[in-house]
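Dear colleague,

I am passing on a structure for you to look at, and below it I have written down what was found. Please keep the structure open while you read.

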Amino acid sequence: MDPAHALPSDPPFALRARLLTSLAGGGLRYEPDAQIEVDGRGRLTRVEPWSERTDAGVVDLRPWLVMPGLVDLHAHLPQLPNAGVGAGLDLLTWLERYIFPLERNFDVPTAQLIAPAAFRAFARAGTTTVVAYGALWADSLDACFRAAEAHGIRAVIGKVMMDRLSYDTDRDPTEVLDLSLRQSVDLCRRWHGRDDGRLMYAFTPRFAVSCSAEMLRASAAAAAEAGAYWQTHLSEDRGEIAEVRRLFPDAVDYTDVYDRAGGLSSRAILAHAIHLSDREVGRLAESGAVIAHCPSSNLFLASGAMPLARYLAGGIRVGLGSDVAAGPDTPLFSVMRAGAYTQNALRAAGLSDAPPLSPADWLRLGTLGGAEALGLEDRIGSVEEGKEADLILVDPSVTLPLEGIGADHDERSDEMLSRLIFRAHPAMVRGAWVRGRLLPA
Ligand SMILES: [Zn+2]
């Protein structure tokens, strides 16, 4: 059953709905009938059980569910058109065949077409914060930021940096480092912190295979100086790891390549990190660097099964990433499902004896975990008073196995959440707001 009211498009507003959120202090909060108020600046001023004395003007969205917006820590804007194609290829072959051609052609007109559509797709999937790579071209990255600015999504974006094995075959390789660094610094100056921190910059050396030690070092130094993020890929695929060993013979391991460059800090977002030694786990935990766990991508490219439980026990900070297009799924609910299956497969194969993560654990990774990874946990990641109203509206009835036939336990938060993850449906997200502003979807 659909609520009778249209969704409010701008703050201030007050909602009546079901509420399901992780809490900063731990645990999960479920209110079957809640009142959620957002002030004119887009902040949550009241989150409490419904009481009849509430004023008029409340938008009644029952039986739908308000949840925190999802935080996607890893995606590639130029790659979205090829999501889901290339099954059966390994990482390096897939990049050459399906990805580098898209990125090479990601000029300004293409970015003006793809980036707005990508942000609408993220909003439709319930993602209110996305951390994304662009392509090599500075002007197309500007176009991505302009699209994010207009759309309203919260975004961390970076121009890809590569000074070897690059798809930029026109430029003299000796100029690339200086030019790429200068363009990145310039983009960071222009966009990092824009709109009171809604838009942020990430220096983005692609990965160690396509970056010299000097590029890694210079980008990490520039990110530290600007207080911006630094994002790259780590230890995704066995072929890639062997190539890194060949290119960086002095490094102890793959993680050490980034450590020597000064890249490991609490502002570092490392995608994948599947095949880590105990030394690497310890070093990443100590550095505060974040892993963007991308299980859909890891299964699609058969890169491996990340031992999440081992990393969490080792103290590494972890959030979730779609990694579209290596991950076929934009919605993080589907990514949670792939992650849960990955952990079950590790247990079934006798490779992990850790207890399974609960649906609530997965929700936390995709919301507060991502917010903490970005150092934004005081602003977003849960529906709590004082935070900014990055919210999504979900219709759980879409996930029922039989249309219109629910069971008593569908009123229970843990079982409802289990269905949202294991029967995630493209139509279940009915709205997404950032700071109380409704996102085009
Ligand atoms: Zn990636």
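The chain carries 44 positive and 58 negative side chains (Lys and Arg count as positive and Asp and Glu as negative, while His and the chain ends are not counted), and the centres of the two sets lie 1 Å apart, the place of a charge being taken as NZ of Lys, CZ of Arg, CG of Asp or CD of Glu.

Please bear in mind that this is a predicted model, in which local features need pLDDT of at least 70 and side-chain atom pairs count only at pLDDT 80 or more, whereas totals for chains, interfaces and linings use all residues. Residues are numbered from 1 along each chain as its sequence is written, and side-chain values use heavy atoms, with hydrogens and water left out.

As for the overall form, the C-alpha trace spans about 70 × 50 × 35 Å along its principal axes, and buried residues (under 20% relative accessible area, with exposed meaning over 50% and partly exposed in between, for a 1.4 Å probe and protein chains only) make up 60% of the 441 residues.

Leaving aside residues up to four places away in sequence, leucine 165 touches Phe100, Val209 and Ser210, where contact means heavy atoms within 4.5 Å. The C-alpha atoms of leucine 165 and alanine 83, which are 82 residues apart along the chain, are separated by 23 Å.
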